[in-house]
Amino acid sequence: MEEEIEIWIELDEYQTVEEQSYDDDQFCNVIIHFADGSRIGLNVWSEKFFRREFNKIDWVDEQVAILPDLVVRKFDSTAIRKSIMDLINKDKWLEGRGFPIKDVKNIEDVE
């Protein structure tokens with residue numbers, strides 16, 4: 001049985017053409033909403049942004065680095081959404097992370 005999820009991507013909220021024409025040197029927020037009401041927030045960086053910022057990473061007490069949750073090569077909503085669905089369904093990315101789901105379908109694919 002597949003569970004439905006909804007993936008909110010910050011890039012989808014941009015209203016103007018100028019805002020939507022983001023380049024590949026950016027980051028954005030993503031929220032995965034599950035049917036049971038639980039959700040995961042992710043920080044997604046483009047590969048270019050990651051490479052540029054890598055030497056500027058924040059360290060907490062010189063012990064732990066604060067990194068993005070995902071780094072993607074193609075930085076647009078469609079590619080980010082597909083990458084997340086592939087991680088969940090093909091790579092079982094959520095198993096063992098407190099989300100014991102088998103397979104999911106993106107609610108937007110159903111509509």
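In which strand is the place of Val 64? Val 64 sits in strand S5, residues 64-65; strands (E, at least two residues) and helices (H or I, at least four) are DSSP runs numbered from the N terminus. This is a predicted model, in which local features need pLDDT of at least 70, side-chain atom pairs count only at pLDDT 80 or more, and totals for chains, interfaces and linings use all residues. Residues are numbered from 1 along each chain as its sequence is written, and side-chain values use heavy atoms, with hydrogens and water left out.

**The chain as a whole**

- The protein chain has four helices and seven strands, and along the sequence they follow the pattern β-α-β-β-α-β-β-β-α-β-α.
- Of the 111 residues in the protein chain, 33% are buried; buried means under 20% relative accessible area, exposed means over 50%, and partly exposed lies in between (1.4 Å probe, protein chains only).
- The protein chain exposes about 7600 Å², and carbon and sulfur atoms supply 48% of this area; accessible areas come from the Shrake-Rupley method with a 1.4 Å probe, and for residues only the protein chains shown count as cover.
- Among contacts with a separation of 6 or more, 56% are between residues 24 or more positions apart, where contact means heavy atoms within 4.5 Å.

- Val 64 is partly exposed because its relative accessibility is 49%.
- Val 60, Val 64 and Ile 66 form a nonpolar patch on the surface, with about 250 Å² of accessible area together.
- Patches are made of residues with over 30% relative accessible area and no salt bridge; like charges are joined within 9 Å, and nonpolar side chains (Val, Leu, Ile, Met, Phe, Trp, Tyr) within 5 Å.
- Asp 61 lies in the loop between strand S4 (59-60) and S5, and Glu 62 is found in that loop too.
- Phi is positive at Asp 61, near 50°, and at Glu 62, about 55°.
- Most residues other than glycine have a negative phi.
- Asp 61 counts as exposed at 65% relative accessibility, and Glu 62 is exposed at 64%.

**Helix H3**

- Helix H3 covers residues 77-89, and its 13 residues should span 18 Å at 1.5 Å a residue; the end C-alpha atoms are 18 Å apart, which agrees.
- The expected span is 1.5 Å times one less than the number of residues.
- At the start of H3, a side-chain oxygen of Asp 76 comes to within 3.1 Å of the backbone nitrogen of Thr 78.
- The buried residues of H3 are Ser 77, Ala 79, Ile 80, Arg 81, Ile 84, Met 85 and Ile 88.

**Salt bridges**

- The whole structure holds nine salt bridges, each a side-chain nitrogen of Lys or Arg within 4 Å of a carboxyl oxygen of Asp or Glu.
- One of them joins Arg 81 and Asp 12, at 2.8 Å from N to O.
- This pair links distant parts of the chain, 69 residues apart: Arg 81 is in helix H3, and Asp 12 is in the loop between strand S1 (2-9) and helix H1 (17-20).
- Arg 81 is buried at 12% relative accessible area, whereas Asp 12 is partly exposed at 39%.
- Lys 90 and Asp 86 meet in a salt bridge of 3.7 Å, N to O.
- Salt bridges that share partners join Asp 25, Arg 52, Glu 53 and Lys 56 into one network.
- Lys 56 and Glu 53 form a salt bridge with their closest N and O atoms 3.6 Å apart; Lys 56 is exposed at 53% relative accessibility, and Glu 53 is buried at 16%.

Methods
Polar contact = N/O pair within 3.5 Å; in protein donor to acceptor, adjacent residues only side chain to side chain.
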